Amino acid sequence: MSVNLKRIKGERTAQGLTQREMATRLGWTRGMYAKRETGFVQLGADDLAKIAEALGYDPDKIGIFFKPSVPKRD
């Protein structure tokens, strides 16, 4: 599985948050957040947990931010 960065961005924008507002919730700069949201910097497990919490998700619901990365069989 891999982190679905489009889902993170989608959840943020659905809540009407800018990258700057999201970064403020996390105690980061906008640049730090933007680099993670766009995949320029790899998103660690701790960062993902913080982002999910900042978006109002319980830790047991963090699975929505993953996508399967297993190739399909023919």
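In which helix is Q19 found? In this predicted model, Q19 is found in helix 2, where helices (DSSP runs of H or I, at least four residues) and strands (runs of E, at least two) are numbered from the N terminus. Local features were considered at a pLDDT of at least 70 and side-chain atom pairs at pLDDT 80 or more, whereas totals for chains, interfaces and linings use all residues. Residues are numbered from 1 along each chain as its sequence is written, and side-chain values rest on heavy atoms, with hydrogens and water left out.

The chain contains four helices and two strands, arranged from the N terminus in the order β-α-α-α-α-β. Of its 74 residues, 30% count as buried; buried denotes under 20% relative accessible area, exposed over 50%, and partly exposed the range in between (1.4 Å probe, protein chains only). Among contacts with a separation of 6 or more, 57% involve residues 24 or more positions apart, a contact being defined by heavy atoms within 4.5 Å.

Helix 2 (19–26) has Q19, M22, A23 and L26 as buried residues. These residues line one face of the helix, because they fall within an arc of 100° when seen down the axis; the arc is that of the directions from the helix axis to the C-beta atoms. The exposed residues R20 and T24 are carried on the face turned away from this buried side. The cover over the buried residues of helix 2 includes helix 1, helix 3 and helix 4. E21, which also lies in helix 2, counts as partly exposed at 40% relative accessibility. Its C-alpha atom is separated by 10.0 Å from that of Y33, twelve residues away along the chain. Just after helix 2, G27 adopts a positive phi of about 80°.

Helix 3 (residues 30–37) buries Y33, A34, R36 and E37.

Q19 counts as buried, at 18% relative accessibility, and its side chain is joined to that of R30 by a polar contact of 2.8 Å. A polar contact is a pair of N or O atoms within 3.5 Å; within protein, one atom must be able to donate a hydrogen and the other to accept it, and residues adjacent in sequence count only if both atoms are side-chain atoms. Leaving out residues up to four places away in sequence, Q19 touches R12, R30, Y33, A34 and E37. R12 lies in helix 1 and is buried, with a relative accessible area of 6%. A polar contact of 2.7 Å links the side chains of R12 and E37. With residues up to four places away in sequence again not counted, R12 touches L17, T18, Q19, M22, Y33, E37 and L55.

In soluble globular proteins, nonpolar side chains tend to be buried together. A nonpolar core is taken as a set of buried Ala, Val, Leu, Ile, Met, Phe, Trp, Tyr and Cys residues joined through side-chain atoms within 4.5 Å. The largest such core has 14 residues, and those with the most contacts inside it are I8, M22, L26, Y33 and I51. Helix 2 and helix 4 are the elements that give two or more residues to this core, and helix 4 gives the most, with four. Apart from its neighbours within four places in sequence, I51 is in contact with I8, M22, L26, W28, Y33 and L43.

One aromatic pair was counted under the rule that rings of Phe, Tyr and Trp (its six-membered ring) pair if their centres lie within 6.5 Å, with planes under 30 degrees apart taken as stacked, over 60 as edge-to-face and the rest as tilted. The pair formed by W28 and Y33 is tilted, because the ring centres are 6.5 Å apart and the planes lie at 35°. W28 is buried, with a relative accessible area of 13%, and Y33 is buried at 0% relative accessibility. The charged end of R36 sits over the ring of W28, 5.4 Å from its centre; this description requires NZ of Lys or CZ of Arg within 6 Å of the ring centre and within 35 degrees of the ring normal.
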